[in-house]
Amino acid sequence: MDVNLTVVAENPIWVGEDNYTFHSYGISSDNNKRYPGRYPYRYANGLTSNYIINPHYTEANFKMIIYGPVINPQVTVGTNTYLVNVVLEEGEYLQINSRDRTIVKVLRNGERANAYHYRQKGREFFKKIQPGRQMIQWTGKFNFDLTVYKERSEPKWNVHQAH
């Protein structure tokens, strides 16, 4: 008996994921300037940096989830800045997906709201992440997750040799 089988894939791409998590922390300044009259202000730039590695040979799509509370969250990956002018309360989050070109705000009760029109305009907002080591900059006052998608026409093969 001969059987012919045809497999049709909606999206014939193998996808690997690299996940990164960034946590908020208290920002304080030291070596502060002294003012007469005990001026009650400390200066700190409020930015922190870290990095990710896109190990793929080409630019990659991504999904970023930003957790509240935060006002107008902004994250810079390499030279790409992602700023969305929204207010996220505790328990809410914002999901940016470069594959679907969507920005969705998810409320505490699970309700989803389109936040596409609140993105920073005047630049290519959904620009893919470049290959190699990419600096990450954000205020450090909110948590976010970043998933980098490695898309290939076939899986990367690992060849194990028997000894």
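Me: Start with Arg101. Where is Arg101 found?
Reply: Arg101 is found in the loop between strand 8 (93–97) and strand 9 (102–106). Bear in mind that this is a predicted model.

Me: Why is Arg101 called partly exposed?
Reply: Its relative accessibility is 45%. Buried means under 20% and exposed means over 50%. The 45% of Arg101 falls in between, so Arg101 counts as partly exposed.

Me: What is phi of Arg101 near?
Reply: Phi of Arg101 is near 55 degrees. That is a positive value in a residue other than glycine.

Me: Which phi does Asn72 have?
Reply: Asn72 has a positive phi of about 50 degrees, although it is not a glycine. Asn72 sits in the loop between strand 4 and strand 5 (74–77).

Me: Why is Asn72 called partly exposed?
Reply: The relative accessible area of Asn72 is 35%.

Me: What makes the bond between Gly68 and Pro69 stand out?
Reply: Gly68 and Pro69 are joined by a cis peptide bond. Omega is about 10 degrees. Pro69 lies in the loop between strand 3 (61–67) and strand 4 (70–71).

Me: Now Arg119. How do you know that Arg119 has no salt bridge?
Reply: The nearest side chain of opposite charge is Glu124, 11 Å away. A salt bridge needs a side-chain nitrogen within 4 Å of a carboxyl oxygen. So Arg119 has none, and yet Arg119 is buried.

Me: What does the side chain of Arg119 reach?
Reply: It reaches the backbone oxygen of Tyr116 at 3.0 Å. The cut-off for a polar contact is 3.5 Å. The 3.0 Å pair is within that distance.

Me: Which residues is Arg119 in contact with, leaving aside neighbours within four places in sequence?
Reply: Leu83, Val84, Ile103 and Phe125. Arg119 itself lies in the loop between strand 10 (112–114) and strand 11 (132–138).

Me: What makes the nonpolar surface patch, and why can Met135 be part of it?
Reply: Tyr51, Ile53 and Met135 make the patch, of about 250 Å². Met135 lies in strand 11. Its relative accessible area is 38%. Patch residues need over 30%, so Met135 passes that cut-off.

Me: How many helices and strands does the chain come to?
Reply: Zero helices and 12 strands. Of its 163 residues, 33% count as buried.

Note on methods. Residues numbered from 1 in each chain as written. Predicted model: local features only at pLDDT ≥ 70, side-chain atom pairs only at ≥ 80, totals over all residues. Heavy atoms only, no water. Helix = DSSP H or I, 4+ residues; strand = E, 2+ residues; numbered from the N terminus. Buried < 20%, exposed > 50% of the residue type's maximum accessible area, 1.4 Å probe, protein only. Lys, Arg positive; Asp, Glu negative; His and termini not counted. Polar contact = N/O pair within 3.5 Å; in protein donor to acceptor, adjacent residues only side chain to side chain. Contact = heavy atoms within 4.5 Å. Patch = residues over 30% accessible without salt bridge, like charges linked within 9 Å, V, L, I, M, F, W, Y side chains within 5 Å. Areas by Shrake-Rupley, 256 points an atom, 1.4 Å probe, with all protein chains shown as cover.
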